[in-house]
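Let's take a walk through a protein model, one piece at a time. Have a look at it first, and then we'll follow the chain together.

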Amino acid sequence: RTATGLRVRRSWRWMEDCLAHLRRRGTVRSAGADPTADEREAVYEQFLHADLRDIVYQPEDGEEDDEPGSVYDSLPSERDALVAALTRSMPDADGVSELPASFRSCMQVEELLDVGRDAETRLKLGPSELTPAAGQQKRCLKMILSDGTHRGLVALESLQIQDLSPHTLAGCKVRITGPVEVRLGILMLHEGNTLVLGGCVPEIVELQRAAVAAARKRVGSGQD
């Protein structure tokens, strides 16, 4: 499921650790048995709540590469397409580019905020749950994403994505599908190219909450 549907080249080390954990819990059977639908779903749930930087295969890990002809063979082209689109979108190049319609990537949201509000309002009021049509300020979410290999990818909500909010937990997984416009190194996302899968990474969530608490404390004390 993660290989074919979500286009994630998972580390076999992570997969083995995941299966061992689920066997200890009695969620999956012993090694060698064909996985059932419930067992596949259990692995998928672990995927949603794990850090992509631990999941994604990294050549420097020292693991052997997959056999030629595997479902992973096309994945380097996804990374190449991302790097090429980001490069072309820089000010010293074209300034705008596009990820092709064939592009597929699963990423996790590491930071997210509504840049439609000033910092003090964001901290005091929290997210607006109403639509602009209901008289509320139009929001614009800015995201920092990671695909497990590239970190610090910046994305902007060009049209509202209903399943995301300023209170979405860090580590939430999203599936991004081309075509995607890229402007000045920023991915322009909307519901037509972004599917929210859910999940979170507890360790990143703790960092997220600590950062918000510290920011609120600074606002309350009048510090910059």
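Let's begin with Ser 89, which sits in the loop between helix H4 (75-88) and strand S1 (96-99). Keep in mind that this is a predicted model. Is Ser 89 buried or exposed? Its relative accessible area is 0%, and anything under 20% counts as buried, so Ser 89 is buried. Leaving out neighbours within four places in sequence, Ser 89 is in contact with Gly 95, Val 96 and Ser 97, and also with Val 182, Arg 183, Leu 184 and Gly 185.

Zoom in on one pair. Strand S2 (residues 104-114) and strand S5 (residues 172-177) run antiparallel, joined over 6 bridges. In this pair, Arg 104 stands opposite Thr 177 in S5. As a general point, strands of a sheet pair through backbone hydrogen bonds, either parallel or antiparallel.

Val 43 belongs to helix H2 (residues 37-48). With a relative accessible area of 12%, Val 43 is buried too. What does Val 43 touch, not counting residues up to four places away in sequence? Its contacts are Trp 14, Met 15, Cys 18, Leu 19 and Leu 22. Take Cys 18: it is 25 residues from Val 43 along the chain, yet their C-alpha atoms are separated by 7.1 Å.

Terms used:
Residues numbered from 1 in each chain as written. Predicted model: local features only at pLDDT ≥ 70, side-chain atom pairs only at ≥ 80, totals over all residues. Heavy atoms only, no water. Helix = DSSP H or I, 4+ residues; strand = E, 2+ residues; numbered from the N terminus. Buried < 20%, exposed > 50% of the residue type's maximum accessible area, 1.4 Å probe, protein only. Contact = heavy atoms within 4.5 Å. Pairing = 2+ DSSP bridges.
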